[in-house]
Structure formats: structure tokens, C-alpha cells
Amino acid sequence: MATLTEAATLATVLEGSDDALAVAVAAGGAPAPRLTRGQLRALVASLARRLAAAGVAPGDVVSISMENTVEFLITVLAVTQARAVAAPLNAGYKQVRRLTS
């Protein structure tokens, strides 16, 4: 598996022992969500299958508007595993209306 100093692909992010820690997120004092590599692989594969079943095909662009959470990570990896293109959007963006006189 690639280290942080080596070039890594999204596929290498999911490599490794099933019980190795893959994700731990600090949640402002709340218990941090933790996923093993096996759990992460299973969640990503499940969502990738659901995306394909919903008609997402290789090369399709999938817009994602989510906060930076574990679910966001799973979604980006699943879209990529479905061989589609993830297009994250800024969930905090607020359209500013331009006033004209």
C-alpha cells in the first residue's frame, strides 16, 4: 500500500487488511466515526452497485453536494469505483443575487 509520501490511486486507498483502520473522523467531542478497510470497501462497493443499478454508467459525471463527512468519502470512492466521474460541489455555497438598478 502507498504511504502518504508516495503517489496513491483511489484503488490503493481501499487496499490492505480488512481489519486495518481506514477512516477515523474527529467529530467535535462526539465519538469519532471509525471504519476498517473491510467496512469501507463493503460500503463503497454497495453504493457503487446502487449507482450502476440507478443508471450511472462509466464516464458519467455525478455531482455530489455534501458536507465533508465519512459519507462524502464513501460517495466519491463509490462513484469512482462505478467508473464515473465525481464532481463535488460546495455544499455551503449560497447564490448571491445581483441587484441591478
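Leaving aside neighbours within four places in sequence, alanine 22 is in contact with Leu35, Thr36, Arg37 and Leu40. Take leucine 35 as an example: alanine 22 and leucine 35 sit 13 residues apart in sequence, yet their C-alpha atoms are 5.7 Å apart in space. Alanine 22 itself belongs to strand S1, which covers residues 21-24. Is alanine 22 buried, partly exposed or exposed? Its relative accessibility is 28%, so it counts as partly exposed. Keep in mind that everything here comes from a predicted model.

## The whole chain

Let's step back for a moment. The protein chain has 3 helices and 4 strands. If you read along the sequence, these elements come in the pattern α-β-β-α-β-α-β. The chain has 101 residues, and 23% of them count as buried. How much of the contact in the chain comes from residues 24 or more positions apart? Looking at contacts with a separation of 6 or more, such residues account for 53%.

## Two helices meeting

Now for a pair of helices. Two packed helices are described by the angle between their axes and the distance between the axes. Here, helix H2 (residues 37-53) packs with helix H3 (residues 70-81) at an angle of about 55 degrees, and their axes are 8 Å apart. An angle like that makes H2 oblique to H3. The crossing in which H2 passes H3 is right-handed.

Which residues do the meeting? On the H2 side there are Leu40, Leu43, Val44, Ala45, Leu47, Ala48 and Leu51, and on the H3 side they meet Ile74, Thr75, Leu77, Ala78, Val79 and Gln81. Sorted by class, this contact of H2 with H3 has 11 nonpolar residues, 2 polar ones and no charged ones.

## A closer look at H3

H3 is made of 12 residues. From its first C-alpha to its last it reaches 16 Å, close to the 16 Å expected at 1.5 Å a residue. Its buried residues are Val70, Phe72, Ile74, Thr75, Val76, Leu77, Ala78 and Val79.

Let's pick out threonine 75, which lies in H3. Threonine 75 has a relative accessibility of 15%, and because of that it counts as buried. What does threonine 75 touch, leaving aside neighbours within four places in sequence? Its contacts are Leu47, Ile64 and Met66. Leu47 also turns up among the H2 residues that meet H3.

After H3 comes arginine 83. You'll find arginine 83 in the loop between H3 and strand S4 (85-90). Its phi is near 65 degrees, a positive value in a residue other than glycine. With 64% relative accessibility, arginine 83 counts as exposed.

## Arginine 41 and its contacts

Back in helix H2, we find arginine 41. At 23% relative accessibility, arginine 41 counts as partly exposed. Not counting residues up to four places away in sequence, arginine 41 touches Leu14, Glu15, Gly16, Ser17 and Asp18. How many residues separate arginine 41 from aspartate 18 in sequence? The two are 23 residues apart along the chain, while in space their C-alpha atoms are 8.5 Å apart.

## Two exposed residues

Valine 61 has its place in strand S3, which covers residues 61-66. Valine 61 is exposed, with a relative accessible area of 58%. Even so, not counting residues up to four places away in sequence, valine 61 touches Val85 and Ala87.

Tyrosine 93 lies in the segment after S4. With a relative accessible area of 59%, tyrosine 93 is exposed.

## Pairs in sequence and in space

This table puts some residue pairs side by side, with the spacing along the chain and the C-alpha to C-alpha distance.

| Pair | Apart in sequence | C-alpha to C-alpha |
|---|---|---|
| Alanine 22 and leucine 35 | 13 residues | 5.7 Å |
| Arginine 41 and aspartate 18 | 23 residues | 8.5 Å |
| Valine 61 and arginine 83 | 22 residues | 9.7 Å |
| Tyrosine 93 and serine 65 | 28 residues | 9.8 Å |

Definitions and conventions: Residues are numbered from 1 along each chain as its sequence is written. This is a predicted model: local features need pLDDT of at least 70, side-chain atom pairs count only at pLDDT 80 or more; totals for chains, interfaces and linings use all residues. Side-chain values use heavy atoms; hydrogens and water are left out. Axes are lines fitted to C-alpha atoms, for helices over the stretch in contact, and angles run from 0 to 180 degrees between N-to-C directions. Angles under 35 degrees count as roughly parallel, over 145 as roughly antiparallel, 65 to 115 as roughly perpendicular and the rest as oblique. A crossing is left-handed if the near helix is turned anticlockwise from the far one by less than a right angle, and right-handed if clockwise. Contact means heavy atoms within 4.5 Å. Ala, Val, Leu, Ile, Met, Phe, Trp, Tyr, Cys and Pro count as nonpolar, Asp, Glu, Lys and Arg as charged, and the others, Gly among them, as polar. Buried means under 20% relative accessible area, exposed over 50%, partly exposed in between (1.4 Å probe, protein chains only). The expected span of a helix is 1.5 Å times one less than its number of residues.
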